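Work through the exercises below with the sequence and the model side by side. Try each task before reading its solution.

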Amino acid sequence: IIVPTIGANDGNISKLITHAGTYRKVLIIPFIGSASNAQTIFGGLTANEFCFGVAHDDSSLTEGELAGAIAGVIGKLKPWVPPEWYNVQGINAASYKNSEVDQLEQNNIATIADVVKPVISTAKTLDGSWIDIPRTKIYLATEIRNALINLKLKLANSGSKIPYSPSGIQMIKAAIENVLRAIQRLGAIREDYTNEDGELVRGFEVIVPNYEDISESDKASRILRNVRITAYLSGAVSRIELDLVIAL
């Protein structure tokens, strides 16, 4: 997580935006000022799914303090848990009107709202993604990479290796599936379920190439390509709309 000491209106923020997208890091982009100015400034940025914009109207705050407070919330949550409505420590809620908060959210800009206590108002990044999606993708990639490294180390320490063969490819597939299954149990990936036709719908899928379809050059170079992983992330209820009829 990148915590800048400059705000959205600083000319150098574009360099951090590029860095965040390239190296897959969550970037907190703060802005201190009015809600209308926040919409103008953030609207002029070319952001990616890793950019989390947050506005506040407390001029006694520095951009670094605001970004640090938000990062403190996001950093302590599991990657697949959106930070929406989580308490922000040490900073009061902004003084924006409810209509201004709604407008900020519609433009994918978070603020610190007063919902019993100061909380982050939304969990969307500036490009309209939910922030838990890029964070979970980073987490999945890291866990799978670590599992494969550990598999190779374990075999190397026992005087063995991952064979470049049909059985070796299945060994890699099994290692990836074990990681995804463990992450699924944690709630990051959608649960398997049976649809109305009685068919099993899985929360993830791992496809590996057939050994016979791999080129001789890749075999000679010991490169395994075209391992495809599809994981359906668990959603979260962000808004609840009620249509009530109350009989007295």
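Contact means heavy atoms within 4.5 Å. The model is predicted, so local features need pLDDT of at least 70 and side-chain atom pairs count only at pLDDT 80 or more, while totals for chains, interfaces and linings use all residues. Residues are numbered from 1 along each chain as its sequence is written, and side-chain values use heavy atoms, with hydrogens and water left out.

**Exercise 1. Describe the surroundings of Thr122.**

Step 1. Locate the residue: Thr122 sits in the loop between strand 4 and helix 5 (132-157). Helices (H or I, at least four residues) and strands (E, at least two) are DSSP runs, numbered from the N terminus.

Step 2. Judge its burial. Buried means under 20% relative accessible area, exposed over 50%, partly exposed in between (1.4 Å probe, protein chains only). Thr122 has 4% relative accessibility and therefore counts as buried.

Step 3. List its contacts. Neighbours within four places in sequence are left aside; Thr122 then touches Phe52, Glu84, Glu105, Ile109, Ala110 and Trp130.

**Exercise 2. In what order do the four strands of the open sheet lie, and which stand at the edges?**

Step 1. Apply the pairing rule: two strands pair if DSSP finds at least two bridges between them.

Step 2. Read the order, which is 1-2-3-4, with mixed pairing.

Step 3. Find the edges. Strand 1 (27-32) and strand 4 (117-120) each have a single partner strand, so one side of each is left without a neighbour in the sheet.

Step 4. Ala55 has Thr111 in strand 3 as its bridge partner.
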